[in-house]
Amino acid sequence: MYRYVIFDLDGTLLNTLEDLANASNWVCTTNGWPTHSLESYKKMVGNGAPALCERFSPESARTPTDMAGTLAQFCARYAAHKSDKTQPYPGILDLLNELRRANIPCAVYSNKPDYMVADIIHQYFGNIFVIARGNQPGIAPKPAPDGLFPILEELGASPEETLYVGDSDVDIQTAYNAGMDSCGVLWGFRDADELTRAGATYLASNAAELQALILGK
């Protein structure tokens, strides 16, 4: 049993892929660039908005000035349309409510811009999470563990008693770098092979399996 749980957001709690892809392809179309398939965005997301923008942009448009403009376009478009298609994954709300009944504090740590995370979490999950953080200026994004340590401190948790839950190799590496166990979820944007190669402590096929793992049942 774990006493604390920290979740990734995109691909773990919420299926945000279509809204991310739509905002990205809107930027591509606006600038006259080729667009990308929904499936291809599964490999582009996970390292934060700047990395996503670099990946969907053509090589000829990746100067620092270009990237700053592309990032501004993407963030504005995504902020206005981030809830068009996004929904919690099946069983997630039940899982979170069970963890709250078991007095297990839960937090969110995402590579999404920090100013977006609190709004999204409140919209879909109310006050279930004790802490919800995204990437902040001056703090290295995941897989660096820098943003996790303040969350652990605020929770009063040690890495050894905390599980990090995510859907990508970035999440698994983040947990490892912070000295935490990790669970890779198989309903997100990446597959079991990637999560296993990254060193996931556990894998979960659905929310019920994750619940049993956390509660030690």
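**Close-up views of a predicted protein chain**

**View 1. Asn103 in a loop of the chain.** At 67% relative accessibility, Asn103 counts as exposed, where exposed stands for over 50% relative accessible area, buried for under 20% and partly exposed for what lies in between, with a 1.4 Å probe and protein chains only. The structure is a predicted model, in which local features need pLDDT of at least 70 and side-chain atom pairs count only at pLDDT 80 or more, while totals for chains, interfaces and linings use all residues. Residues are numbered from 1 along each chain as its sequence is written, and side-chain values use heavy atoms, with hydrogens and water left out. Asn103 sits in the loop between helix H5 (92–101) and strand S4, helices being DSSP runs of H or I with at least four residues and strands DSSP runs of E with at least two, both numbered from the N terminus. Although Asn103 is not a glycine, its phi is positive, at about 60°.

**View 2. The protein chain as a whole, shown as the setting for the other views.** The protein chain contains 10 helices and 8 strands. Its radius of gyration, 17 Å, is close to the 17 Å that the globule rule gives for 217 residues, so the chain is as compact as a globular protein of that length; the radius is taken over C-alpha atoms, and the rule is 2.2 Å times the number of residues to the power 0.38. Along the principal axes, the C-alpha trace spans about 55 × 35 × 30 Å. Of the 217 residues, 48% count as buried. Among the contacts with a separation of 6 or more, 64% come from residues 24 or more positions apart, a contact being heavy atoms within 4.5 Å.

**View 3. Helix H1 and the elements that cover its buried residues.** Helix H1, residues 17–30, reaches 20 Å from its first C-alpha to its last over 14 residues, close to the 20 Å expected at 1.5 Å a residue, where the expected span is 1.5 Å times one less than the number of residues. The buried residues of H1 are Leu17, Asp19, Leu20, Ala21, Ala23, Ser24, Asn25, Val27 and Cys28, and their cover includes strand S2 (14–15), helix H2 (38–44), helix H3 (49–56), helix H4 (64–81) and strand S4 (106–113). An α-helix has 3.6 residues a turn, so residues three or four places apart point the same way. Leu20, which lies in H1, counts as buried at 7% relative accessibility. Leaving aside residues up to four places away in sequence, Leu20 touches Asp10, Val45, Phe74, Tyr78 and Lys112. Just after H1, Gly32 takes a positive phi of about 75°.

View 4. In H8, the buried residues are Val170, Asp171, Ile172, Thr174 and Ala175, and they pack against S4, H7, strand S6 (162–166), S7 and helix H9 (192–198). Not counting residues up to four places away in sequence, Met180 touches Ile6, Leu148, Leu152, Pro159, Thr162, Leu163, Tyr164 and Ala175.

**View 5. Two prolines, Pro113 in strand S4 and Pro143 in a loop.** Pro113 counts as buried at 15% relative accessibility. Apart from residues up to four places away in sequence, Pro113 touches Ala49, Gly134 and Asn135, and its C-alpha atom is separated by 8.6 Å from that of Arg133, 20 residues apart along the chain. Pro143 is joined to Lys142 by a cis peptide bond with an omega of about 15°, and the place of Pro143 is in the loop between strand S5 (131–135) and helix H7 (148–155).

**View 6. Tyr2 in the segment before strand S1 (4–7).** At 7% relative accessibility, Tyr2 counts as buried. Beyond its neighbours within four places in sequence, Tyr2 is in contact with Ile104, Glu160, Glu161, Thr162, Leu163, Asp181, Tyr202, Leu213 and Ile214. Tyr2 and Gln123, by comparison, are 121 residues apart in sequence and 27 Å apart in space, C-alpha to C-alpha.
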